[in-house]
Each structure stands twice: as structure tokens, then as C-alpha cells.
Amino acid sequence: MFEEYNLKEIAPFEDSEFRDKMAELVEEPGFEHAVRWVMPDVDYAEFVKELLNVPDKNTLQTDVMGPFLEFLASKTTDGITYDGIENVPDDHASTFITNHRDIVLDASFLNLCFLRNGKPTSEIAIGDNLLIYEWIADLVKINKSFIVKRNLKMTQALKAAMQLSAYIHYAIMQKHESVWIAQREGRAKDSNDVTQESLMKMLALEGKGTTAQNLEMIHLTPVSISYEYDPNDYLKAKEFLLKERDPEFKKSQHDDLLSMETGLLQYKGRVHFSISKDLSSLIARIPASAKRLDVIQQVCSMVDNEIHLGYKIYPINYIAADLLKENAAYADHYTPAECDAFDEYIERQIDKIDVPDLTPADRHFLRKKMFEMYANPLYNKLAAQQRQNS
């Protein structure tokens, strides 16, 4: 059924390839540099011995990645919490679809929640724009990731979308492996999380049924991710400013690497995951007569609604909303000291922005953009609650 799509091209490495690929990876100078950067106290020779004794991808997840992510969480967060773990079934695989804040850690920390509860980890969708070196591609494919092709011409993009849709359906239906994918290509720089229709169209390409039936069978399960602090907030604000100055501005590979490094290693405060129920039963209620675009839009709205309802709202989200509107509408949700601390935090983050000749107007623009990043989850959650109660 799936042979025509050459799924091996984008799929994680098979366990039969695992040891050979790991042996190649640990010899890469770039990999050693990355390990030493993230874990400066590591005994690399001993670490290599440990890796070479790992037999397969799942053991890598439980015995290596799990402890590493716990270490990273202890160093860079004030704790990872979650709710809705009962919505992760034992009898079938799921497509976990989430908002997107951090390039690396959104899926990784979600998998940590699964590991803490004895649940299988999910395979992870990762854009090939981030696979700057061949060893990075090998690393992610060893670590249960599959590749999303980006920036293709129209005919190539359609073939890639069909291949990706086929792989996700194959993973869910035949491999019985859950997958993680973000609700949009790239991160929502302003934290205004909306599912891209093009993503949902891609997911619905594979399957022999209607659009709704093709989406129903992959068990779409929205997950809401809430970071108290976004380490990349100042880099996202910088990108807004550079695009304001030059609409043709494009990020470089160095920018992506810096974002990955910053997201991994810098402080995130509290982190929360809210796992919603599988949307399959709701999708099944869509009338068979519904037009394809109507189905896509309805399912996108379902995903958005669940993600917005699931946000964990922190005091700084209320503070940002009040600072953005220059009022005190939410003052009962925070203290004056918390407000002062957040305002000082924003100023420190703006001071990190390495754009020459920042004017007072530029700083005002940057403050506004950063306030929007932290206020939008609150606005979206309130709107979703209002819809729910109406």
C-alpha cells in the first residue's frame, strides 16, 4: 500500500541499522562538540561507550534521552507538569498535534511526560531546514524522528506532502507508532497559535476514504504547550524588527542554530503540557456531504480550540496583557513586585538584541512585540472559554 512513496527516505532508521549508524555518529567531530557544549562536564569516552551499548531506538529513549531530558529540565525549568495523560491510549497510536514554541524541546519534553508514565515515546516530525549537517540528520533519525521536506517547488512540494502523509498514516496504522507534529510550519513568533490548513490538507491526503475519514483514522490528539518564559523571545522580537525594516529579510542557518541552542540551554520557568482527548469521535460527526475545505477548516478549529483551552496561564501572561493595553484589567492576578520583575526581564532581553543603532522607537516596537507574545495565549484561552460557555 505504501511502497510507491519511498518512505525509508524520510523515516527514522530501522533498529537493524541502529548500531552501525550510532558507531558512525560518535566519530563525528560536530557531534562530539555538540555533546560537550550541552554537557560540559561529560566524560566523552565513557559517554560513547554507553551509546555504543544501546541496542535500539526505544532503549535510547528510555536509558539515554529520558535521563538527559530530566537533567535539562532540572537545570533550565522550574518543573514540567502535565494533565490529560489518561487521554494517551494503550490500544492504538496517536497523532499528537501541538502548538510550537521551541524547535527542539516541544516534542522532547512531551516525550519526557510519556516516559514518566511508562508510555511509549512518539516519533517526531522535523523540518529538513534544521538538518544543516549530515550528522544532525543521522542524529535525529537515530532518535525516532522523521523528515519534513521544506522550501520545494510546487510539483515537488505536492509529492513531498503525499510522501509525508503516507508515512504518518503508515506509522499510525501499521507500525503502531505515535507521531508528534506541530500545528504549523515553524514557530508562531507572536504565540498566536493557529493550525495551518495546509498541514491538515497534508494529513488528509493519504487514505482511501473521505477527507474526514482520512483524518479520523490517525487519531488527532491536540496538546497545548505552555512555557512560562520563552528563552527565544528576544530572538523572535529581533526577527520582527528586522522584517519591519526589510520585508525581504530571511533567517540564516546560524539563526536557526542559535535558536536551538538558546531554547535548549536557557531558563524557561514553569512548563506545562495539557493533552486533550482524541478528536476522532468529533471528526466522525462531520456530515459526509461536507466539502473538503469545510472539513479542513472545521478540524483546524477543533485543534485550535483544544490547544487554546489547554493553556496554562501564568502571572506574566496577565502582566503582559496589562502592559500591552496600558491598563490594570488583570491586576488581581499578579502582584506589583511580579509586574516590576517582568518589566525588568523584558528590558534585559531587549538588551541582548544585537541590532545596530536601536532607537527608542525600536525599543518600543520590541517591547510591544514581546508583550504580545506573552499576552496572546491569555487572549486565546479567554476567547475559547467564552465560546465554550456560549
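**Exercise 1. Determine how many disulfides a search of the whole structure finds, and classify cysteine 113 and cysteine 339 as buried or exposed.**

Solution. The search of the whole structure returns zero disulfides. The model searched is a predicted one. Now take the cysteines in turn. Buried means under 20% relative accessible area. Cysteine 113 has 1% relative accessibility, so cysteine 113 counts as buried. Cysteine 339 has 17%, so cysteine 339 counts as buried too.

**Exercise 2. Describe how helix α15 and helix α16 cross, and list the residues in contact.**

Solution. Start with the spans: α15 covers residues 336-351 and α16 covers residues 360-389. Their axes come within 10 Å. The crossing angle is roughly 120 degrees. Angles of 65 to 115 degrees would count as roughly perpendicular, and those over 145 as roughly antiparallel. The pair α15 and α16 is therefore oblique. Next, the hand: α15 passes α16 in a right-handed crossing.

Then the residues. From α15 come Phe342, Asp343, Tyr345, Ile346, Glu347, Gln349, Ile350 and Asp351. From α16 come Arg363, Leu366, Arg367, Met370, Phe371 and Tyr374. Sort this contact by class: eight residues are nonpolar, one is polar and five are charged.

**Exercise 3. Find the buried residues of helix α14, identify what they pack against, and inspect the residue that follows α14.**

Solution. Helix α14 spans residues 315-325. Its buried residues are Ile316, Asn317, Tyr318, Ile319, Ala320, Ala321 and Asp322. Their packing partners are α15 and α16. After α14 comes glutamate 326. The phi of glutamate 326 is positive, near 55 degrees.

Methods
Residues are numbered from 1 along each chain as its sequence is written. This is a predicted model: local features need pLDDT of at least 70, side-chain atom pairs count only at pLDDT 80 or more; totals for chains, interfaces and linings use all residues. Side-chain values use heavy atoms; hydrogens and water are left out. Axes are lines fitted to C-alpha atoms, for helices over the stretch in contact, and angles run from 0 to 180 degrees between N-to-C directions. Helices (H or I, at least four residues) and strands (E, at least two) are DSSP runs, numbered from the N terminus. Angles under 35 degrees count as roughly parallel, over 145 as roughly antiparallel, 65 to 115 as roughly perpendicular and the rest as oblique. A crossing is left-handed if the near helix is turned anticlockwise from the far one by less than a right angle, and right-handed if clockwise. Contact means heavy atoms within 4.5 Å. Ala, Val, Leu, Ile, Met, Phe, Trp, Tyr, Cys and Pro count as nonpolar, Asp, Glu, Lys and Arg as charged, and the others, Gly among them, as polar. A disulfide is a pair of cysteine sulfur atoms within 2.5 Å. Buried means under 20% relative accessible area, exposed over 50%, partly exposed in between (1.4 Å probe, protein chains only).
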